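Dear colleague,

Please find the structure below, handed over for your review. My notes on its contacts, charged pairs and strands follow.

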Amino acid sequence: MSVYICTVCGYDYDEAAGDPRHGIPPGTRWEDVPADWVCPVCGADKSMFENQGGKAETPAPAPMAAPAGQAAPQQGADAKRLSATASNLARAVQKQHRAGMADLFTQLADFFDGQSSPAGDWQTAADLLKEDLAGRYPAAFAAARADGDRGALRALNWGEKVGKIQANLLKRYNKEGDAAFEGSAFFVCEACGFIFVGEQAPEICPVCKVPRFKFARVGRGASA
């Protein structure tokens, strides 16, 4: 019997052991595991598992080609990116105990956020993630390996895993709508960006291994 590994968190699905806690008895072969079963650690679906000897039988969705004649980014989209960049910088300098600089970056983030406008939809985001995972991450990995940049490789490894779980969550939402996450809360790892859906954050981040207190709850009514 074979073992399949989650490419997001490293959880092993052993066909001999099954997953009895979630209704999968021992001896259940991978092809007989229900299509809606997800990784019990990080929530990734079957398409994100690989056989120890290669890809899992369940194929991942084929990446979609970029729309023909795609327009250049609009000013609103650029402002949104600048807002996100300033917000990240505010968090970074805050960790360095530079309160004054953090406040300035926060003001910049708020300013650019006010200049931005929503662009695209859930499907657009899902398509862009597919393009990242299919082409941009492999290219970035190749460049980092060629330069021997271990820091970049580590960051790319985290980013790719986080991108996979984001793609998985978007796929679930596009399929089921609001019902996909009804009654659940969202928690984001402040170290690597991993998103967890459930009643409480995991004890340890399955991507970067930081403890639970590094997770922030996001969404309506969430506390900082």
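Contact in these notes means heavy atoms within 4.5 Å. This is a predicted model, in which local features need pLDDT of at least 70 and side-chain atom pairs count only at pLDDT 80 or more, while totals for chains, interfaces and linings use all residues. Residues are numbered from 1 along each chain as its sequence is written, and side-chain values use heavy atoms, with hydrogens and water left out.

I begin with aspartate 113. Leaving aside neighbours within four places in sequence, aspartate 113 is in contact with Lys80 and Ser83. Aspartate 113 belongs to helix 2 (residues 99–115); helices (H or I, at least four residues) and strands (E, at least two) are DSSP runs, numbered from the N terminus. The C-alpha atom of aspartate 113 is separated by 6.5 Å from that of alanine 79, and the two residues are 34 residues apart along the chain. With a relative accessible area of 38%, aspartate 113 is partly exposed.

The charged pairs come next. A salt bridge is taken as a side-chain nitrogen of Lys or Arg within 4 Å of a carboxyl oxygen of Asp or Glu. By this rule the count is four salt bridges.

One of them joins glutamate 15 to arginine 29, with the closest N and O atoms 3.7 Å apart. Both residues lie in the loop between strand 2 (12–14) and strand 3 (49–51), so the pair ties together parts that are 14 residues apart in sequence. Glutamate 15 is buried at a relative accessible area of 2%, whereas arginine 29 is partly exposed at 38%.

Aspartate 45 forms a salt bridge with lysine 171, and here the closest N and O atoms are 2.4 Å apart. This pair links distant parts of the chain, 126 residues apart: aspartate 45 is in the loop between strand 2 and strand 3, and lysine 171 is in helix 4 (residues 150–176). Aspartate 45 is buried, with a relative accessible area of 10%, while lysine 171 is partly exposed at 35%.

In helix 3 (residues 122–147), arginine 136 and aspartate 132 lie four residues apart, about one turn of the helix. Their side chains meet in a salt bridge of 2.7 Å, N to O. Arginine 136 is partly exposed at 46% relative accessibility, and aspartate 132 is partly exposed at 25%. A network of salt bridges links Glu131, Asp132 and Arg136.

Which charged residue is buried yet has no salt bridge? It is lysine 161, whose nearest side chain of opposite charge, glutamate 160, is 7.7 Å away; Lys and Arg count as positive and Asp and Glu as negative, with His and the chain ends not counted. Lysine 161 is found in helix 4 and touches Thr7, Val8 and Val207, not counting residues up to four places away in sequence.

Finally, the strands. Two strands pair if DSSP finds at least two bridges between them. Strand 1 (residues 3–6) pairs with strand 2 in the antiparallel sense over three bridges, and strand 1 also pairs with strand 3 in the antiparallel sense over three bridges. Tyrosine 4 has tyrosine 13 as its bridge partner in strand 2 and stands opposite asparagine 51 in strand 3. The hairpin of strand 1 and strand 2 has five residues between the strands, and glycine 10 there takes a positive phi near 90 degrees.

With kind regards

Technical notes: Buried < 20%, exposed > 50% of the residue type's maximum accessible area, 1.4 Å probe, protein only.
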